[in-house]
Amino acid sequence: MDLSTPYLGLTLRNPLMPGAGPLCDDLDTARRLEDAGAAALVMRSLFEEQVTRAEVALLRELEGLAGGGAPRAPAGFQLGPHEYLEQLRRLKAAVTVPVIASINGTSEDARWLEYARWIEAAGADALELNAYHMATDPFECAAAVEQRLLDLLAAVRGQVTLPIAVKLGPYHSALPHLARALVDRGAAGLVLFNRFYQPDIDVQALEVVPSLQLSDPSELPLRVRWLAVLSPLVDCSLACSGGVHGPLDAVKAVLAGAHAVQMTSALLLHGPERLGVVLDGLRAWLEERGHASLADVRGSMSRERCPNPQALERADYVRLLHTWHRRRA
Ligand SMILES: Cc1cc2nc3c(=O)[nH]c(=O)nc-3n(C[C@H](O)[C@H](O)[C@H](O)COP(=O)(O)O)c2cc1C
């Protein structure tokens, strides 16, 4: 069974990989992921705030003549910028699969963007760009929000020759247009989607409480829908991120057009070996249906190729709302 897949200019042995997060903070876990079949590793993001705070702390240290040295992890962050690069080098030495680094920020601040270049120099095989941004300014229109993302990509593009995948949120008003514009500006891939962690309200303390809940498969259909819509439209790699917990979740992502399938919550919940379970299940699904390769089925349920594209559009929404009946117990 040929499970190989093109992703960001690389040829991966299969589509499965851990998504950006804490899984690659530790070399032992990274090796277990590779042993379980991960075709690449995605590191957690290096955040713009991390770089800025570490730089400020270093300057303070230097001003106080209290030593100095490379920027280290500021409070609240797992790795400082320097340690991030060190971890990348260690991962590259520890595994044979490609290592994808990730940067996360919103401004075109030169100091932060320089880290993209250092990430390339440290040996990353590709780079994810996550521009987690909450559009809360009532004077900024959607086109301006999108333009900032395009400018940010151009700025990162100017720093590196690495293939760049942009990790998008689902809340853009004209996603296909934005996706095409990103590809035109040099994005080699898109990761669908970033997860916007939802704060809650503590009604006793009357505070907004940040909360990070791990995903479940109910998050997948949003990804599958947009993979199915975008895959015929954009000439770039597509990765699914969000809600992949079992083999059939991965099958759905690939049928909709994903080249790569990322898992984070499921691996945090069940351990790195869960990736092997999903991989075995994906292979078995293909074998049972007589397919010789993953490429045979990728995108076969995209909006262009599925038998009922209206199910992805407004028409089915209208029909569903009008034909809904409460199921009798
Ligand atoms: C603990 C944790 C840390 C994460 N850190 C990052 C990060 O540093 N950068 C990033 O782009 N996404 C990060 N993510 C988001 C994941 O990469 C992924 O997009 C999201 O969890 C949805 O996928 P899942 O349903 O497989 O968990 C993190 C997720 C979790 C749960």
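Visitor: How many helices and strands does the secondary structure of the protein come to?

Guide: Eleven helices and twelve strands. Both are DSSP runs, numbered from the N terminus: helices are H or I with at least four residues, strands are E with at least two. What makes the protein count as compact as a globular protein of its length? Its radius of gyration is 21 Å, close to the 20 Å that the globule rule gives for 329 residues, so the description holds. The radius is taken over C-alpha atoms, and the rule is 2.2 Å times the number of residues to the power 0.38.

Visitor: What kind of model is this, and how are residues numbered?

Guide: This is a predicted model; local features need pLDDT of at least 70, side-chain atom pairs count only at pLDDT 80 or more, and totals for chains, interfaces and linings use all residues. Residues are numbered from 1 along each chain as its sequence is written.

Visitor: What box do the C-alpha atoms fill?

Guide: Roughly 70 × 50 × 45 Å, taken along the principal axes.

Visitor: Which residues does D249 contact, beyond its neighbours within four places in sequence?

Guide: P217, L220, G243 and V244. Contact means that the two C-beta atoms, placed from the backbone, lie within 7 Å. Across the protein, 70% of contacts between residues at least 6 apart in sequence join residues at least 24 apart.

Visitor: In what order do the eight strands of the open sheet run?

Guide: The order is β3-β12-β11-β8-β7-β6-β5-β4, and the pairing is parallel. Why are β3 (16-18) and β4 (41-47) at the edges? Each has a single partner strand, so one side of each is left without a neighbour in the sheet. The twist averages 25° from one strand to the next.

Visitor: How do you know that β4 and β5 pair?

Guide: Two strands pair if DSSP finds at least two bridges between them. Five bridges join β4 to β5, which run parallel. In β5, N104 is the bridge partner of F47.

Visitor: What about β5 with β6, and β6 with β7?

Guide: β5 and β6 pair over five bridges, in the parallel sense. There, I100 stands opposite A126 in β6. Strand β6 (residues 126-130) and strand β7 (residues 164-168) have four bridges, again parallel. L127 faces I164 in β7.

Visitor: Why is β4 called largely enclosed?

Guide: Seven of its seven residues are buried, so the rest of the structure largely encloses β4. β6 is mostly covered, with five of five residues buried. A126, E128 and N130 point one way from β6, L127 and L129 the other way.

Visitor: Which residues come nearest the ligand?

Guide: G19, A20, S215, T264 and S265, out of 23 around it. A residue is near if its C-beta atom, placed from the backbone, lies within 6 Å. The elements giving two or more residues to this shell are β4, β5 (99-104) and α9 (265-270).

Visitor: What makes L8 and L206 worth a look at their phi?

Guide: Most residues other than glycine have a negative phi, and most peptide bonds are trans. L8 has a positive phi near 55°, and L206 one of about 50°. L8 sits in the loop between β1 (5-7) and β2 (10-12). L8 has 24 C-beta neighbours inside 10 Å, so L8 is buried. L206 is in the loop between β9 and β10 (207-209). L206 has 7 such neighbours, so L206 is exposed.

Visitor: Which peptide bond is cis, with omega near 5°?

Guide: The one from L192 to F193. F193 lies in the loop between β8 (189-192) and β9 (200-202).

How values were computed. Axes fitted to C-alpha atoms, helices over the stretch in contact; angles between N-to-C directions. Buried ≥ 20, exposed ≤ 12 C-beta atoms within 10 Å, placed from the backbone.
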